[in-house]
Amino acid sequence: MTQLVSNLRVRRTQKLLREALIELIEEQGFDALTVGEITERAMVSRAAFYRNYHDKYDLVEQIFAEAMRALFDAVSEPASVHSPQIWVRFFEHIAEYERLYRALLGRKGSPWFVLKMRASLVDLVKEFGRLSPQWQPAAANPIYPTADEFIPDLVATMLVEAITWWLEQGRPYPTQEIARRCVLLAGAIFKETSTW
């Protein structure tokens, strides 16, 4: 019973800290906020914060790592990787954590987070490119498009910008439509670069 109470307390503390983080980023920007402000807003002790996180970067990194783990797990399912549904799930995830991503990618966000997200998306794009036949080059061309770092980085940058635009505009397209458009753009990039 004590373990259950402890787990509930940890999850509650983490939830309060995450909500406080988002509110403070929206108000004053990521770079300006301090751990003291986060703990004060969350109404938890600094000791509780440091039991869970090293600093504000670790807090954001853990939130993002959980999200990326879920996405990579979905991509690694062989049945789903050949379908654009993986990208619909990706944008559904973005919509679920809209406030966090809007705060971190927006004007008051963090260049550190933008670079971190782009690096993670490079890995996701490489994995998708490796497993998806529609993004593989023609058999006559032995050069695989994701072998060059430029192409996955370009697609990942496009995705970060698409996410930022989509959130800042109030998600004018449903998740299926923004995913479809991004897949078409990424597919066009892979198709063109497979001829290089």
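The model is predicted, so to speak of local features pLDDT must be at least 70, and side-chain atom pairs count only at pLDDT 80 or more, while totals for chains, interfaces and linings use all residues. Residues are numbered from 1 along each chain as its sequence is written, and side-chain values use heavy atoms, with hydrogens and water left out.

**Stop 1: the aromatic cluster**

Select Trp87, Phe90, Phe91 and Trp166. These four form one aromatic cluster. The structure holds 12 aromatic pairs. Rings of Phe, Tyr and Trp (its six-membered ring) pair if their centres lie within 6.5 Å; planes under 30 degrees apart are stacked, over 60 edge-to-face, the rest tilted.

Zoom in on Phe90 and Phe91. Their rings pair edge-to-face, 5.2 Å centre to centre, with 90° between the planes. Both Phe90 and Phe91 are buried. Buried means under 20% relative accessible area, exposed over 50%, and partly exposed in between (1.4 Å probe, protein chains only).

Now follow Phe91 to Trp166. This pair is also edge-to-face, at 5.4 Å centre to centre and 90° between the planes. Phe91 sits in helix α6 (residues 85-96) and Trp166 in helix α9 (residues 150-168), so the pair links distant parts of the chain, 75 residues apart. Helices (H or I, at least four residues) and strands (E, at least two) are DSSP runs, numbered from the N terminus. Trp166 is buried, as is Phe91.

**Stop 2**

Select Arg118 and Asp153. Their side chains meet in a salt bridge (3.0 Å, N to O). The term means a side-chain nitrogen of Lys or Arg within 4 Å of a carboxyl oxygen of Asp or Glu. Arg118 belongs to helix α8 (residues 111-131) and Asp153 to helix α9, 35 residues apart. Arg118 is partly exposed, at 27% relative accessibility. Asp153 is partly exposed too, at 28%. The structure holds 12 salt bridges.

**Stop 3: helix α10**

Select Glu177, Arg180 and Arg181. Glu177 bridges to Arg180 (2.8 Å, N to O). Those two lie three residues apart in helix α10 (residues 175-193), about one turn. Glu177 also bridges to Arg181, with the closest N and O atoms 2.6 Å apart.

The charged end of Arg181 sits over its ring, 4.1 Å from the centre. This requires NZ of Lys or CZ of Arg within 6 Å of the ring centre and within 35 degrees of the ring normal.

**Last stop**

Select Lys56 and Phe30. Lys56 lies over the face of Phe30, 4.7 Å from the ring centre.
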